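Here are my notes on the model you asked about. Have it open beside you and go through them one by one.

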Amino acid sequence: MHFMRFPNRAAAGRRLAELLAGRAELDQVARPLVLGLPRGGISVGYELARALGVPLDVLVARRLWAPGQPELAIGAVAPGVRVLHEVLIAEMGISVRYVDCAVAEQILEVERATLRYRAERPPLELADRAVLLVDDGLASGATAAAALQAARRQGPRHLVFATPVASTAGLRVVKRRGDADEVWCLCEVSNLGMVSEWYEDFS
């Protein structure tokens, strides 16, 4: 796809809404809802949910970083799910102990963040509904994969992943795993870099 830079997350959410509006799978019979992935996915998801006139909820997932490399994801966790990049872990010689500790630490962060975002409100029921999982960008695909698996465990009728911008490699991971029934992206790029670079305002 062509190069695209978004003014901010809200504008990106409105663009996604234009793409997804009128989809048969998202009609009111399926009682659609939007799940935002914190932090940025909530801002994008809010605009999408508002444009579609559907509820918004949150699903927290956290990346697992390689030792000493805070931008290199080796996997991710979400409620009841962990996804590991086994090949990368083996190539880097990362120990089982490191991975287990990282998983345990991030599971705690998922629980803390979920409580913070929900403010004691119960989660929305996903069973037999059309669910749109939204993030502000897709890099490695690990976080999206973990979040999609966590959502899938709750029995949605139709599960969609949507993002304004994504790397070709990340999209390949999400599509190959088959966790989503559909994957939608406004701007696919081979060399994503930082997600923030694709927004004029990333505050």
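1. Ground rules. This is a predicted model, so local features need pLDDT of at least 70 and side-chain atom pairs count only at pLDDT 80 or more, while totals for chains, interfaces and linings use all residues. Residues are numbered from 1 along each chain as its sequence is written, and side-chain values use heavy atoms, with hydrogens and water left out.

2. Start with the open sheet of three strands, in the order 3-4-5 with antiparallel pairing. From one strand to the next, the twist averages 40°. Strands here are DSSP E runs of at least two residues, helices are H or I runs of at least four, and both are numbered from the N terminus. Two strands pair if DSSP finds at least two bridges between them.

3. How many bridges join strand 3 and strand 4? Strand 3 pairs with strand 4 (residues 69-78) over five bridges, in the antiparallel sense. Look for L64 opposite G75 in strand 4, and for W65 with its bridge partner A73. The two strands make a hairpin with two residues between them, and G68 in the turn has a positive phi of about 70°.

4. The helix across the sheet. Helix 5 lies across strand 3, strand 4 and strand 5, and runs at about 10° to strand 4. For that angle, axes are lines fitted to C-alpha atoms (for helices over the stretch in contact), and angles run from 0 to 180 degrees between N-to-C directions. Contact means heavy atoms within 4.5 Å.

5. The largest pocket. Its volume is about 1,100 Å³. Among its 44 lining residues, R63, W65, D135, A139 and T143 are the closest to its centre. Strand 3, strand 4, strand 5, helix 4 (96-118), helix 5 and helix 6 (168-177) each supply at least two lining residues. By class, the lining has 21 nonpolar, twelve polar and eleven charged residues. Ala, Val, Leu, Ile, Met, Phe, Trp, Tyr, Cys and Pro count as nonpolar, Asp, Glu, Lys and Arg as charged, and the others, Gly among them, as polar.

6. What counts as a pocket or cavity. On a 1 Å grid over the protein atoms alone, a cavity is a set of points where a 1.4 Å probe fits but cannot get out; a pocket is an open set with protein on both sides within 12 Å along at least five of seven lines, and lining residues have an atom within 4 Å of a point. Grid points are joined across faces, edges and corners, and a volume is the space filled by probe spheres set on the points.

7. The second largest pocket. This one has a volume of about 320 Å³. Helix 4 gives the most to its lining, with five residues. The lining's classes are 14 nonpolar, three polar and four charged.

8. One last residue. Is S190 buried or exposed? S190 is exposed, with a relative accessible area of 69% (exposed is over 50%, buried under 20%, partly exposed in between, with a 1.4 Å probe and protein chains only). You'll find S190 in the segment after strand 8 (182-189).
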